[in-house]
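Please consider the following note on one helix and on the charged pairs of the model.

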Amino acid sequence: MSTLHPTYTDDIFKLSIPVLAVDIVLFTLYKDQLCVVLVPGRNEWARWKLTLPGGIIGRGETLDEAADRILERDTNIAGVYKEQLYTFSGHNRDDRGDVISCSYYTLVGAQAFLSRIDLTKVALVPYEQISSDTVAYDHAHIIQYAYQRLQWKMEYTNVVRNILPLKFSLRELQEVYEVVLNKAFDKRNFRKKILSLDMLVETNEYDTENSKRPAKLYTFSDSELKIIGIL
């Protein structure tokens, strides 16, 4: 049986049951800022505003399958870390009818992101510029919730591995933490803490392009999400 992929049309809202949708918050780092990928609104209720990549769950589709399909359709990104965030079911989320959104957030490294996405079809918006004035529905609230979850995850897991290149310097690692958590860390203390966790492995390679002094490059010792109590 083939899977049907419905779209946000008026006809689906004529049904007497709520519509189940998926919305995805895609975070990446761009020009030293934490950014969110948004797409142009697809109907008159979201016209002139931006929205999260999203869509209706197809017949025979799981939530994860729908999230993967929608993410690839809207951003050309596939096979990346994603995590179910929350189910938003408040009244008047959509002017056309009741829509329940099962939301996800995902992390994509800048190099992978820029090599696969078409910046003429999406908007790359710094998190600090997200507001309900420019983002449709309750998507600004969903993004805020996702950002809080990301900050929490950064504090006690190695989730940061999903937004860094395969090989990176300790300086690059610290910069990601400072951008996402919006706070500065003492260089010496940060490195001492990170190296004590045994979550990194030296690669025996050096960064000779982005530093006056060649910096050691590291990679993560684990490919899966782990609880490690970083901060």
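1. Helices (H or I, at least four residues) and strands (E, at least two) are DSSP runs, numbered from the N terminus. Helix α4 is followed by Asn182, whose phi is positive, near 55°.

2. This is a predicted model, in which local features need pLDDT of at least 70 and side-chain atom pairs count only at pLDDT 80 or more, while totals for chains, interfaces and linings use all residues. Residues are numbered from 1 along each chain as its sequence is written, and side-chain values use heavy atoms, with hydrogens and water left out.

3. Buried means under 20% relative accessible area, exposed over 50%, and partly exposed in between (1.4 Å probe, protein chains only). In α4 the buried residues are Leu170, Leu173, Gln174, Val176, Tyr177, Val180 and Leu181. Seen down the axis of α4, these residues fall within an arc of 155° (taken from the directions from the helix axis to the C-beta atoms), so they line one face of the helix.

4. A salt bridge is a side-chain nitrogen of Lys or Arg within 4 Å of a carboxyl oxygen of Asp or Glu; by this rule there are nine. One of them joins Glu175 to Arg171, with the closest N and O atoms 3.1 Å apart. Both residues lie in α4, four residues apart, about one turn of the helix.

5. Lys216 and Glu202 also form a salt bridge (3.5 Å, N to O). Lys216 lies in strand β9 and Glu202 in strand β8, so the pair ties together parts that are 14 residues apart in sequence.
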